[in-house]
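Grab a pencil and work through these exercises with the model open beside you. Each task comes with a worked solution.

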Amino acid sequence: STEVSLCPPGSGKGTQSPIIKDEYCLCHLATGDMLRAAVSAKTPLGVKAKEAMDKGELVSDDLVIGIIDEAMKKPSCQKGFILDGFPRTVVQAEKLDEMLAKQGAKVDKVLNFSIDDAILEERITGRWIHPSSGRTYHTKFAPPKVPGVDDITGDPLIQRKDDTAAVLKSRLEAFHRQTEPVIDYYTKKSAVAELHAEKPPKDVTAEVQKVLSS
Ligand code: AP5
Ligand code: ZN
């Protein structure tokens, strides 16, 4: 099965996806995580993506479609996917439908993390992440046991370069201009479930579980 989550920056898709992935045995594919890994490894892909990411703009459709196409071929992904941060443009959504159709599959569920923009700055500026696992913390809403340290591995946590109030502004602009039309695209084709992403993490998890079990 394939689940897609459409959400503004900081709405909680990266927090919820790992929980869902384990519960439903899905492969969690997050284009943002894959791109950040490519940037820090300075691969040709990372070099191409860095400038747009630093500015809070979307990287080109061709680049992300290429990485998703590769990732979906991995044997570990046979049970299905939860796509986090993809598709983010109508072109990407059309291409995803094409790729799935070739395998006789389709997008099964679309999760729309609905939230007011005003809440997002506090979430974004307080976020700390453990890059290698994708585990996400927040100084106020989800603090690690020891400040700046991952609970499980003891590794140092880092802040994302694009997690500033200024870059968030362009990320939100990109969301409204380029990703909101994807919600309309899916509304015409399949059921889009709207989640109340401003609620506490546990409540959001319960809403996601309800949608995926229906
Ligand atoms: P990406 O990595 O996808 O970033 P984003 O869309 O900006 O989303 P975030 O990761 O900021 O938000 P999230 O919803 O995962 O929030 P989280 O759960 O961590 O993309 C980054 C860049 O890569 C893009 O700008 C673009 O350049 C490029 N890119 C990626 N995909 C692309 C594509 N398909 N096409 C083109 N370019 C692409 O939560 C945030 C914080 O809030 C955390 O600290 C968390 O602990 C806390 N929190 C979470 N839930 C709650 C809650 N319910 N209550 C209180 N706090 C909460
Ligand atoms: Zn994320």
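K42 sits in the loop between α2 and α3 (helices, H or I, of at least four residues and strands, E, of at least two are DSSP runs, numbered from the N terminus). A quick word on the ground rules: this is a predicted model, where local features need pLDDT of at least 70, side-chain atom pairs count only at pLDDT 80 or more, and totals for chains, interfaces and linings use all residues. Residues are numbered from 1 along each chain as its sequence is written, while chains are lettered from A and ligands numbered from 1 in the order in which they are written.

**Exercise 1.** Work out whether K42 is buried or exposed, and look at its phi.

*Solution.* Start with the cut-offs: a residue is buried if 20 or more other C-beta atoms lie within 10 Å of its own, exposed if 12 or fewer, and partly exposed in between, with C-beta atoms placed from the backbone. K42 has 10 other C-beta atoms within 10 Å, so K42 is exposed. Next, the backbone: phi of K42 is near 55°, a positive value in a residue other than glycine. Most residues other than glycine have a negative phi. Now try C25, in the loop between α1 and β2 (27-30): its phi is positive too, about 55°, and with 9 other C-beta atoms within 10 Å C25 is exposed.

**Exercise 2.** Check the span of helix α7 (residues 165-187), then find where α7 bends.

*Solution.* The expected span is 1.5 Å times one less than the number of residues.

**Exercise 3.** Which residues of α7 are buried, and what does S170 touch?

*Solution.* The buried ones are L168, R171, F175, T179 and V182. Their cover includes β1 (2-6), α5 (90-102) and α6 (120-125). S170, also in α7, has 16 C-beta neighbours inside 10 Å, so S170 counts as partly exposed. Leaving out residues up to four places away in sequence, S170 touches K55, G56 and E57 (contact means C-beta atoms, placed from the backbone, within 7 Å).

**Exercise 4.** Find the peptide bond from F86 to P87 and say whether it is cis or trans.

*Solution.* First locate P87, in the loop between β3 (81-84) and α5. Then read omega: it is near -5°, and the bond is cis. Most peptide bonds are trans.

Note on methods. The bend at a residue is the angle between axes fitted to the seven residues ending there and the seven starting there. Two residues are in contact if their C-beta atoms, placed from the backbone, lie within 7 Å.
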